[in-house]
Each structure stands twice: as structure tokens, then as C-alpha cells.
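Welcome, and please open your viewer. Let's walk through this model together, one selection at a time.

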Amino acid sequence: MIKWAGWIITLCGTGHTVGALTTEKAARYAGTWFSGGLWSEDFTDMTPAGSAYWLSLASFGIPLILIGLTVLWLYRRGITPPAFIAWTLAGWTAVDAVVLPFTPWPLFVVGCTLLLIGIRRARRDNPAPKAGASTSVHSS
């Protein structure tokens, strides 16, 4: 379940970023972005180039890719991800569902649910060592 959650989170972040750059054509403003065209811009008077930047490269897409890949990295090493990742994403998903109901937030609900269930099962099957107990293979 943790593995599936990691892939879902990574897929959503990748889909958002690539979709914004291609389908929404945000990449056409790259020249403006990298030439300093946004340096004097603010949120109250955003240009199409600024809006495209915040939709694509400065959006939540890239952090979601990193979170998803981190969950997968932990999974491959047999490390249970911390539950705060799933709970934070779940809270973010709830806000997204209210603010933008016609987005793929249900997919995030699936990812968060799988991650929470996977974390709970992993902790049940491999409880954490007690405080002060040695976790070294070579304890004296």
C-alpha cells in the first residue's frame, strides 16, 4: 500500500507539472521567466507569464513529486514513512476539495488512505523499539 501511495503521489505531481507546461501551454513563457520578466510582479496584478509560472514550476507539483519519490525511497529501504506526511497531504486534499471541487482530489484521497493504512500495518507488524533499547546489530 505504501508503494502504491508513493506512485500515486508522484504521478499526481508529475501530471500537474507536465500538464501545466504542455496542455496549459505555460512553457511558452519560459523566456520571460528566465529573463527577469517576473522580478517586479506581484499577486495583485499578475501577468499571464506570472500566472503560468505559479501554475507550473512554482506550484505544488514538484514538491509532490519529491514527496512521492521520498515515500518510494523509504519503502525500498524497508523504512516506514512518518504518518505526518499522509496527514498533511490529507489536510491539503480536504482544502483542495472545498476550494476546487473539480480537480483530481479524489485520487489524493486514495493515495493518502493507502499511505495511512500501509503505515499502520507496517507499525503493527514491526513495532518500534522501546526507548533506550539498543537498535544496533552489535550491541554489547
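Before the first stop, a word on angles: those under 35 degrees count as roughly parallel, those over 145 as roughly antiparallel, 65 to 115 as roughly perpendicular and the rest as oblique. You are looking at a predicted model, where local features need pLDDT of at least 70 and side-chain atom pairs count only at pLDDT 80 or more, while totals for chains, interfaces and linings use all residues. Numbering runs from 1 along each chain as its sequence is written, and side-chain values use heavy atoms, with hydrogens and water left out.

**Stop one: helices 4 and 5**

Select residues 61-76, helix 4, and residues 83-99, helix 5. (Helices here are DSSP runs of H or I with at least four residues, numbered from the N terminus.) The two pack at an angle of about 150°, and their axes are 12 Å apart; axes are lines fitted to C-alpha atoms over the stretch in contact, and angles run from 0 to 180 degrees between N-to-C directions. Helix 4 and helix 5 are therefore roughly antiparallel to each other. Now show side chains: Leu64, Ile67 and Val71 of helix 4 meet Ile85, Leu89 and Trp92 of helix 5, where contact means heavy atoms within 4.5 Å. Which classes do these residues fall into: nonpolar, polar or charged? Six are nonpolar, none polar and none charged, counting Ala, Val, Leu, Ile, Met, Phe, Trp, Tyr, Cys and Pro as nonpolar, Asp, Glu, Lys and Arg as charged, and the others, Gly among them, as polar.

**Stop two: helices 1 and 6**

Next, select helix 1 (2-21) and helix 6 (residues 105-125). Here the packing angle is about 150° and the axes are 8 Å apart, so helix 1 and helix 6 are roughly antiparallel to each other. On helix 1 the contact is made by Ile2, Trp4, Ala5, Ile8, Ile9 and Cys12. From helix 6, the residues taking part include Leu107, Phe108, Gly111 and Gly118. This contact divides into 12 nonpolar residues, two polar and no charged.

**Stop three: Lys25**

Move to Lys25, in the loop between helix 1 and helix 2. Its phi is near 60°, a positive value in a residue other than glycine. Lys25 counts as partly exposed because its relative accessibility is 48%; buried means under 20%, exposed over 50% and partly exposed in between, with a 1.4 Å probe and protein chains only.

**Stop four: Thr32**

Finally, pick Thr32 in helix 2 (residues 30-34). At 32% relative accessibility, Thr32 is partly exposed. Leaving aside residues up to four places away in sequence, Thr32 touches Gly37, Leu38 and Ala49.
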